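Reader: Please take a close look at the ligand site in this model, and at how the parts of the chain are arranged around it.

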Amino acid sequence: MRVLGIETSCDETGIAIFDDQQGILAHQLYSQIKLHADYGGVVPELASRDHIRKTLPLIEAALQQAGCRSEDLDGIAYTAGPGLVGALLVGATIARSLAMAWNKPAVPVHHMEGHLLAPMLEERVPEFPFIALLVSGGHTLLVRVDGIGQYQILGESIDDAAGEAFDKTAKLLGLDYPGGAALARLAEQGTAGRFVFPRPMTDRPGLDFSFSGLKTFAANTIHSQGSDDQTRADIAHAFQSAVVDTLAIKCKRALQETGLKRLVIAGGVSANRELRSQLAELMHKLGGEVFYPRPEFCTDNGAMIAFAGMQRLKAGHTTGLEIVVQPRWNLETLAPVTL
Ligand SMILES: Nc1ncnc2c1ncn2[C@@H]1O[C@H](COP(=O)(O)OP(=O)(O)OP(=O)(O)O)[C@@H](O)[C@H]1O
Ligand SMILES: [Mg+2]
């Protein structure tokens, strides 16, 4: 079976072709980062317009890269939500129209299910059940995963997502949007222990997160200590340590409460090296295992959508001719996949 995946939920146009026998046959990605950089964040209308420009050429490029024709596809999967409504509509409209023209089934995919299943594109695949930590630009979710479509949200951020907190703090430190990866690089030059930021909501029971206070803490530290290069690096270090420690404490708690031994991390922030090494250490201590996607599949991409779409296509979860997107969409409401 071979599926074309189309991702347009935010500021990346991601197209891929996944084959269940041969793996990823094509992977094309166009990032709009430069387009939005001047504004310090994603401008939804510009994002939609750019997806219109890029989606079809990237689909053509993917077909060429895979050496296949539309006839060779068994279905078209597209991100139907959550995300920016205009951006989602571009991908959904193109996917639905091509599916009709090519007489193929169309499969709507939940963007966070795409992220959650992305580690399954790697050689070492996690078995169910596991705990997933989804940390991206728009979400921070701790999920108990008993199977595809069997998700129980154990905890989530009550304010900023982890990636959003990285980006806002990076901006305070004078780094370009989205500054998560740049902040992580700056943190490597920082002195451990010069500043200590709080670990929000770790001193009380529960698995929810709150990250907006850390940004304020960073702003206050800049205000009182100045922003010379070393101070900026020390703040970046303190901020990153606080986020990573907080995520690790909550992962440990979720694993202990559920008795599970497998942890999956996905979403853009899962590319963070400090987070990966701390969670690897934690799982080593707990006698468990951690799984994550290769760095390029941590952030948005078409491969995760093609993969998730294939699982749903096999279970017959296709859609009719209507074009429906869901800018807000609870992961827990997805139908379980029973093959
Ligand atoms: N090495 C890193 N360390 C910390 N954060 C990072 C790193 N690399 C990327 N990020 C952050 O990951 C986020 C982007 O991830 P992703 O593409 O998964 O999010 P999104 O698609 O915008 O949000 P969502 O998936 O919730 O809709 C940004 O906030 C970015 O700063
Ligand atoms: Mg994403």
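Author: Six nonpolar, 12 polar and two charged residues make up the shell around ligand 1; here Ala, Val, Leu, Ile, Met, Phe, Trp, Tyr, Cys and Pro count as nonpolar, Asp, Glu, Lys and Arg as charged, and the others, Gly among them, as polar. The model is predicted: local features need pLDDT of at least 70 and side-chain atom pairs pLDDT 80 or more, while totals for chains, interfaces and linings use all residues. Residues are numbered from 1 along each chain as written, chains are lettered from A and ligands numbered from 1 in written order, and side-chain values use heavy atoms, without hydrogens and water.

In total, 20 residues surround ligand 1 (a heavy atom within 4 Å), and the closest are Ser136, Gly138, His139, Asp167 and Asp300. Oxygen atoms of ligand 1 lie 2.9 Å from a backbone N or O atom of Gly138, 3.0 Å from one of Gly268 and 3.2 Å from a polar backbone atom of Gly163. The protein covers 88% of the 660 Å² of accessible area that ligand 1 has on its own (Shrake-Rupley method, 1.4 Å probe).

Helices H4 (111–117), H5 (162–172) and H6 (180–187) each supply at least two shell residues; helices are DSSP runs of H or I, at least four residues, numbered from the N terminus. Domain 1 (2–116 + 297–333) and domain 2 (129–292) each give at least three, with bounds from an automatic or database assignment. The C-alpha centres of these domains lie 27 Å apart.

Technical notes:
Polar contact = N/O pair within 3.5 Å; in protein donor to acceptor, adjacent residues only side chain to side chain.
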